Every structure is written in C-alpha cells, then in structure tokens.
Amino acid sequence: MNLNRALTKRLEEFSMLITSFPKTTIAIVLVVTIFFGFWVPGLEIDNSVDDMLPGSHPAKELYDEVTETFGGTGKVIVAYRRKKIFSEETLSRINRLSQEFSRVEGVKDVKSIANARKMEGGGGGLKVTRLVPEAGVNPQDIPEIKKYVEGSPSLRGTVLSTDGKYAGFLIELSEGASDSGVYSDLESIVEEQDDPEDFYLAGGPAVNAEMTSSMKSDIVTLVPIVVGVLALVLYLTLRTVGGVYIPLSVVVLSTVWTLGLMALTGTEMSMISTTLPVMLIAIGVADAIHILNDYYHRLQKEEKLKEPVDSVIKHIGTAIVLTSVTTAVGFLSLTTSPVSQVGEFGLFIGFGVIAALVVSVTWIPALLALTDHAEGKRSSSTEKKSGEEGSEILAGLGRFVVDNRTTILIVGILILGLAAYGATLLTVETNTLRFFRPNSEVRRSTEVIDDSFGGSENLSILIEGDLKDPKVLKGVLELQSRLEEMEQVGYSLSIANLVVEINKALHDNDPAARKIPYSRNAVAQELLLYEMSGDSSDLGSLVNNSYEKARINVRTSSVSSNKLAEVIARVEDETKEIAGDSFDVQVTGSSYLFKVLTDLLVRGQIVSLSIALFAVAVIVGLIFLSVKYGLLSIIPLGFTIAVNFGLMGLLGIPLDNATTMLASIAIGIGVDYTIHFISRYRLELNSGESPATAVEAATRTTGQAIFFNSVAVAVGFGVLLASSFTPIATLGALVALTMVLSAGSALTLLPAALLWTESRTKPN
C-alpha cells in the first residue's frame, strides 16, 4: 500500500470518528485552546539587536565582553534646543533635568553640561569638580563655564552641540533595564516641561522602545482589520455564513495555540514575529477553504450532512495533510538562519500551520456534522452536473494553457532572465531606524541629533596593550583623528583624550600642554592624581583596572547598512595600519552588530531557501512516488521567488529582517497550490482522462479553490500595508504579489510543464 492510499484510509477512519462524536471533538479543541490561551497574556516583546545574534557568535561574545568590562553602549541621547544655552535659566533647568533623569529607574548615569567634570591643577595636585554645583548655578560663573565647555574637545559635541544650539544629555541605561520603561519615563519628564517640542530623544534604546510601542499598536490595529477583510472575502467567494465563521474560527484557534506556546516557552516577540498573528490568519484559511469548497460541491450529490463531510476528507484529506506538512517545512527552513529571531519565527509559524491543520480536520468536520449552513449550495434541477462544476473562466484558462503550452514556458524563461538581472541589484538593510516611516518622531529626532551632535549610533573599538605607554596613547589619538575625518563619524572619546586633558589642567590649562606626556611614569602619575581627585567613575567606561584594555567610543550618524559596511571596513583598515605591533584592535558596538546581522541574513537566506526547495522536491516526489513530480513542483515556487527578488532589486527594495522571510512564505504557501493541482491532475489521469483534459479539469475545479485561497491570503497580507514599519508594509505588498504569482504560475507554468513532459514521454 503506497503512502497516498495508507494516509487516505487513516483519514477516512479518523473523519468517521470525528463525525460520530462531534460534540466531544469540539470540547477537546476548546479545552486545548483554553490551555494555550491562559499563557498568551504573558507574552513579552524584545527588539534589541544583540539578541538577534546567537550567543556563540564571535561578534556577540566580543560585544558582551566589552559591555561587561566598560558598561553598555546603548544610550538615550536627549537634545534640548535653546536660543541661549549659557544663561542662568537654561543652566538651572539643565541641572534640574539631569537630576530628574538620573532618578529614573533603569538609568545608570547622566552626562550633561551641569555635571560635566572640570579639571584644575595647582600645588602639584589635581582638582576635579562639577561645572555646575548641585545646589545651583552662580551667575558669575557662567562666562567661565561657557569658555570651558566650548574649549573642551571632549565636551563639545557631547553635552553641547557643535553649532551651540542644543544642550545634550547622554543617558546610560543599567544592565537589564527596560528600554520601553526608561524611555516612557524620560518622555513623561519631557512632557511636563513648558517647551516639550524643543526636546529630541534618540539612540538605540529610544528606537527599541518606539519599535515595541509600534508593534503593540500594529497588533491591536491590524489583526481586527485582517479578520474583517478576510470575512468579506470569504463571504464573496464561498457565499455562506458558515463559509465565513468556520475558516475564521480555525485561524483564531490556531493563532491562540501558537501565541500560547510562545509565551509558555518564554520566547519573546520581535518585530518579525509581530506579523505572526496576521500571517497565521491569512495562511490558516487555506485548509478551511479547500474543505468547504469541496464540501459544497459534494452537497450536490449527498443529502445527509455526515456523508459529504466523510467524502470530503476521503477525497482531499490527503492533499490537505501533505500540503500543510510541506507548508510547515517551508517555514521551518527558517530555523537554519543564524539570526535567532528569524529562526524562532520559522519555528512558531511552522507550528501554527500544523495547528491549523489539526483544527481543520477536527473542528471543521465536527461543526459541519452538527450544523446545516449551506442549504443554498444543494443541487437543483437547473444546476450543472457534478462533473462540470467549477469556474468557466478557469476552464477557459485551462484550454488556453493546453493550446499555448510552449509559448507559456518561453515567456516564463524570458521573465526569469529579467528577474535574474534584478536580483543582482538587491541590497540588504538591517538598520532598525530605517524601519520607521520618514515622518515618524524617532526618525526626525535622530536627524536632529545626527546633524547637531555628530551621530546617534555607536561603534566601540577595543584596544589591548599597555595603556600607560605614551606610544600606545599617541597611536590611539592618531586613530581617533583619522576616524573623525570620515563624514559619518562625528565624535570619539578614549582614555587618551582624558590623559591629554589632565596634562593640560596640570599645566595651568595651557593649550600647548594638550598632549600625551613623554614618559610612562608621567602618564601613570597623572592618572593616579585623577583617581585621587574625587569621583573618577568615568574611568571605568574607558579603561579597565589593569590598564591593559581600553575602549574608544565612536559616535556615527545613522546610515544604511551598505554605507555602514563601508565605514566599518575603513575603520578596520585604519586601526590595522596605525596599531601595528604596538597594540591590538577589535571593532564592536551596536552598529557593528548591524553589519554582522546583514551578513548573517544573506547567508541564512541562501541556506534556508536551498533547504526548503530541496525538502519540498523530496516530499512531493515521495507523495506521488515520482521524481518527475518532485522536480516539477519546484517550477512555480522557483519562478515566484526569482520574480520577487528580481522586482525587489529593480525597485530598490532591500532585503531586511522582514522581507528575508518572503522566500519561505512563497514556498510555504505556493507548495499548497502545487500539490493540490498535481493531486487533482493525477486523479483525472487515473480515471482515464488524457493529459490535456486532466489539465482543463484540474484548472476548472481545483483552480477555483486555488484562486479563492490566493485572493484571501493576498488581501489578508495586504492589510500589512497599514503597518507603522516600512519593512512590514513592504512585506505585505510583496506577499500579496507573491500570491498572484504563485497561483498564476501554478495554473499556467506548472500545467504547461506537465503537458510538455507528457508529450516527451508519451508522444501522440
């Protein structure tokens, strides 16, 4: 007994069991749903870029090491616009805000003009004090404060913008602090001011917090919309009330199962998995549509409610199970991605597809056995015979394919050639700031800070060597000087800058003394004086206790992934040239992780796509016990993927965290159409029909369900166009296009290829 027959027999027996005990079946499904639903409220969201990388990745290990040694690189940058920064009123407000910001839960440190350190030498010692006393500013000290800040390279561009129009607050978060919680509290403080419109918040934690807020908003907004739109599409296609509520109940139940499992396993939602509920709703209707479409046709022959249900499961149950399995395999191929969030998405949407299958073959037969919602679908004397059911338009399409099979294949090959060229133009984008629309608040704030403070992104350069050796310190300064010549680099700070400022202070603030001392002992002595001068906590963010490791903080403007790769490549080249044998250099930081993430996305896309196509070919070949059908099944899938990537390249749409899932979606959903078409085609052949007649019959009947399903899924994903995230909106448009291409190629290229192979093996 082959796989098809064995599975068909088991499904027939299973269907009879379900329809014999429908109430028990419904009760079991509801109990399972309640169990998973209990965990859903505990689902959390996480968007940090460092969590996207596997913990064992060298870049992640280095990032964690630097963070543990010197503190986090993630900072919220607040820019405060004032006509006159150095006035008693403004400095007093900056002082008060610095104290309020520092009291926010999760804030580790705040740097501003008010608490900036001023170094003065005298009597062989070093005195370090706050520029503005905590008690308040003395009006007589304002000219001296202004002169000191404007003359300090380490303060200009950090606590004061380069154009002098903005005061800056650098807010460092504690390890494990909630980006959303801190950002929300900071916004609350800003909103309480008389001039909240003059404040601009940016930086990694701010972007993460805005992403989390937008994700929650998307889920609340998009899910009801997609349900409503699908309800309309289902009614227009199936034209019964049951044709609406039964498929929607399936996707709601399977979505609850999936989200509950995520919460139960402690898996957090990311920007990518925000689309998971919408995807499951759009994809999960597939099995229900096929079942109901066949069920309504069979009502024309069967008068009892139970008999059509059993006939449906016997007739198309095998195809439904196998298409669901191959759809799940398409998504599970994403688990091979080295990007953890992509892998998790593939795992859980794969589970969701199987959950939808389980609900479809239990819940739907049970409901149909208990209710009669399709009286209008029963046969009458004026209706067509069952052998002629289906769309006449699709029947015409079938005849067109039969008559023009060669032309269709040639046109397909020409389109593939154009798509191949477009694919060479494809770029990759992982900068999360660019996921927001251009008019969003966080992007406008970032532009202000990029222009006025030299950047909002962070690179960290780890220096290993003798950090008291003047040669090493001079090399660090030279490296910083080279970096600051780059257009995208606005500012850098290291232990070498601090040593220079200490040396200047000890020489009566003589500008000529702003340099590294000549001997190692002199450097060590000056650093010791600084440590003894009072609060030297800022040393810990620049150098470790043994002075063997140091960090250069480099601030860069927010740029595209391609431009970032160029910046990092130049940074690495400059560091190697200057460091030589004097010290070792490694590059890390949140911006560097974006670059690593870009490389991993490309590699993961190639691997998962190859695995998915191979797995589908093998599974389809095993289903039909035919190598030919296995290979032919790849044609519509490969065509759809190639055209999508080609179009993305031609239109300048980048491959990003969201669109990297496009190929797996195309395979996961497209294989459904392919298997259903081949299954019906083989059924017609086995009943004695010719290949041409079999193609026409399959296009007329199964093609109708394929059309309905593609419309439902395309419209469902089209709702994503309303997302606040550009990549998610783009993904929605591309998936809608994918459904058109996938259904179209399954009803044209696939039958043309089937006829071509039949004519080669069985000539007339």
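**Close-up 1. Lining of the second largest cavity in the predicted model**. By class, six nonpolar, two polar and one charged residues make up the lining of the second largest cavity in this predicted model. The residues concerned are Asp-218, Ile-219, Leu-222, Val-223, Thr-274, Thr-275, Val-278, Leu-720 and Ile-728, and the space that they line has a volume of about 50 Å³. Helix 7, which spans residues 204–238, gives the largest share of this lining, namely four residues.

**Close-up 2. The largest cavity and the helices around it**. A search of the whole structure finds four cavities of 30 Å³ or more, and the largest cavity has a volume of about 120 Å³. Its lining consists of 14 residues, among which Ile-283, Ala-286, Thr-327, Val-353 and Asp-672 lie nearest the centre of the cavity. Two or more lining residues come from each of helix 9 (276–298), helix 10 (306–332), helix 11 (340–370), helix 22 (662–686) and helix 23 (691–718), with the largest share, four residues, coming from helix 9. Sorted by class, the lining of the largest cavity holds six nonpolar, six polar and two charged residues.

**Close-up 3. Packing of helix 7 against helix 8**. Helix 7, which also contributes to the lining of the second largest cavity, packs with helix 8 (residues 242–264) at an angle of about 135 degrees, and the axes of the two helices are 8 Å apart. Helix 7 and helix 8 are therefore oblique to each other, and helix 7 passes helix 8 in a right-handed crossing. On the side of helix 7 the contact involves Val-227, Leu-230, Ala-231, Leu-234, Tyr-235 and Leu-238, which meet Gly-243, Val-244, Pro-247 and Leu-248 in helix 8. The residues of this contact divide into nine nonpolar, one polar and no charged.

**Close-up 4. Packing of helix 8 against helix 11**. Helix 8 packs with helix 11 at an angle of about 140 degrees, and their axes are 8 Å apart, which makes helix 8 oblique to helix 11. The crossing of these two helices is right-handed. From helix 8, the residues in contact include Tyr-245, Ile-246, Val-250, Leu-253, Trp-257, Leu-261 and Met-262, while those of helix 11 include Phe-348, Phe-351, Gly-352, Ala-355, Val-359, Trp-363, Ile-364 and Leu-368. By class, the contact of helix 8 with helix 11 comprises 17 nonpolar, five polar and no charged residues. Helix 11 is also one of the elements that give two or more residues to the lining of the largest cavity.

Key:
Residues numbered from 1 in each chain as written. Predicted model: local features only at pLDDT ≥ 70, side-chain atom pairs only at ≥ 80, totals over all residues. Heavy atoms only, no water. 1 Å grid on protein atoms, 1.4 Å probe; cavity = no way out; pocket = protein on both sides within 12 Å on 5 of 7 lines; lining within 4 Å. Points joined across faces, edges and corners; volume = space filled by probe spheres on them. Nonpolar A, V, L, I, M, F, W, Y, C, P; charged D, E, K, R; others polar. Axes fitted to C-alpha atoms, helices over the stretch in contact; angles between N-to-C directions. Parallel < 35°, antiparallel > 145°, perpendicular 65-115°, else oblique. Left-handed = near helix turned anticlockwise from the far one by under 90°. Contact = heavy atoms within 4.5 Å.
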